[in-house]
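User: Hi! I'm new to reading protein models. Could you walk me through this one?

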Amino acid sequence: MKKINMLLCFVIMILFLACSTKKADLVIYNAQIYTVNEYFEVVEAMAIKDGKVLALGKSEDIRKTYPANEEVDAKGKAVYPGFIDAHAHFFGYAESLNNADLTATKSWEEVLSKLQVFAKKQPEGWLIGRGWDQNDWPNKQFPTKEKLDELFPDRPVLLHRIDGHAAIANQKALDAANITKSYELTGGDIVEIDGKPTGMLIDNAINLVSAKIPDLTKERRKELLLQAQQNCFAVGLTTIDDCGLDYAAVEGIEQLQNEGSLKMRLYVMLSDADKNYDYLIKRGKIKTDRLNVRGFKVYADGALGSRGACLLHPYADMPNKKGFLLSDLTHFEQVAKKIYENDFQMCTHAIGDSANRAILKIYNNILPKDNDKRWRIEHAQVVNQQDFKLFGAAKVVPSVQPTHATSDMYWAQDRLGKDRVKGAYAYKQLLQQNGWLPLGTDFPVEQINPMLTFYAATARKDVSDYPKGGFQPENALTAQETLKGMTIWAAKANFEEKEKGSLEVGKLADFVMMQNDVMKANAKQILENKVIRTYVNGEKVYEEK
């Protein structure tokens, strides 16, 4: 009888141990884990199973309760939910890796020099480049095509401005698009001097030329996408909102994700085009763990830097210009109605105060006051003081990019004047409308690194510590607000806050371990911060070498 009792006790003990422990795939311990949950709790350890967070707590408790296939001693380093870029162009960034990089050029001559070096590496076909900004040049004037014609008489050339809303083409490229003279164009401009095209193309005019560029091969596009993915993982990005793709690109993404090579999570907004509306209306919302397609990217106007932003009053530095809408108001009203009726999300690029007012009024006319449609204004860059309330009135989400403020601050007041600029890049005012604010970069317009977003949002300075005291510091965000904007609020803008954006039990195990704790770091430590490891779905996708 004693032997039976002892055996029974042993069985009970084994069952108790089995019930009190649960095998994990991975345990991170001895860390400072910012959960970004409702209470913004910080814990020491986290257990992960099947790509999701299994438990969080103290290192000793987690390690004891959840024996794991792998344990990682974080050695006190900070861990955050995977960073989400709420506005970027992942496909465009990948393609830019195949083109001439013209960022940070200080003159037109430097652009030409870089292009000549690039042309030797790619001796055939179109010459494509991006990144120049005439505001960084001594004369601050748009270039003209004469030197391009001289250097490349037999190769078509198209060089995009940093924001993608202006480009310079040579004569060979203009000929390919049959542009022999300037003419009226809705939402665009073929710049001329004495009745002859200078090669400068603004907004919709660019499409006339870019439509003639041959597509990349399927194999080359895959190579570029995987290279772009690795670059993004290296800075801690685990989800990217790709703003403005055609449905064919979505199908390409699906294929790469299904085969397991593309692991980046993507929230895709389809471009404003009939073929894309027809496609998604017929197919319905697309939702997997790694792909979410339920919205449309609509363009209201152009960019401030190229004076294509639509303003209520003329530019302070060019009184004969007010910018322009890229389509007439009827178009925006019609697509808004179509998007609403099909329960999709409308995400509209609006830079100027006139463009923001026009789109906000349309949103407010269509959306019920108590709605959860999460329609977005992308950039919300210049807003008239009377119009901020229109965001809160219809629960419109302002999706902003803090590095735009620190890139544009050198010339923004010249464009807008000292009074109007106060309503520009007003992130704190925008945050107050709904109590949350998604943050992004707009890469490749800006750099992909989320640490630059964090620094620009909190310090309102550029990397050279300019200006002292910060640019319009009253609109700086706190460190906690900024981290939320890069994680849980960005997830919320995508209707994904229940599955990602914070580290909580049952949520996806997307997280990043960093060298310096941004919540406590000084400016130098933030700007020099490095990712140690990045995980997606509990899988390590990047490790610092």
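User: How many residues does helix 9 have, and how far does it reach from its first C-alpha to its last?

Analyst: Helix 9 (residues 247–258) has 12 residues and reaches 16 Å, close to the 16 Å expected at 1.5 Å a residue. The expected span is 1.5 Å times one less than the number of residues. Helices (H or I, at least four residues) and strands (E, at least two) are DSSP runs, numbered from the N terminus. This is a predicted model, where local features need pLDDT of at least 70, side-chain atom pairs count only at pLDDT 80 or more, and totals for chains, interfaces and linings use all residues. Residues are numbered from 1 along each chain as its sequence is written, and side-chain values use heavy atoms, with hydrogens and water left out.

User: Which residues of helix 9 are buried?

Analyst: Ala 249, Val 250, Ile 253, Glu 254, Leu 256 and Gln 257 are. Buried means under 20% relative accessible area, exposed over 50%, partly exposed in between (1.4 Å probe, protein chains only). An α-helix has 3.6 residues a turn, so residues three or four places apart point the same way.

User: What comes just after helix 9?

Analyst: Gly 260, which takes a positive phi of about 90°.

User: New topic: what do the buried residues of helix 12 pack against?

Analyst: They pack against helix 11 (329–341), strand 19 (345–350), strand 20 (376–379) and helix 13 (389–393). Contact means heavy atoms within 4.5 Å. Among those buried residues are Ile 359, Leu 360 and Tyr 363.

User: How do strand 11 and strand 12 run?

Analyst: Strand 11 (residues 157–161) and strand 12 (residues 166–169) run antiparallel, joined by 3 bridges. His 160 has Ala 167 in strand 12 as its bridge partner.

User: Last one: which strand gives the most to the lining of the second largest pocket?

Analyst: Strand 13, with 4 residues. The lining has 22 residues, and Gln 141, Phe 142, Arg 307, Met 318 and Lys 321 lie nearest the pocket's centre. On a 1 Å grid over the protein atoms alone, a pocket is an open set of points where a 1.4 Å probe fits, with protein on both sides within 12 Å along at least five of seven lines; lining residues have an atom within 4 Å of a point.

Conventions
Two strands pair if DSSP finds at least two bridges between them.
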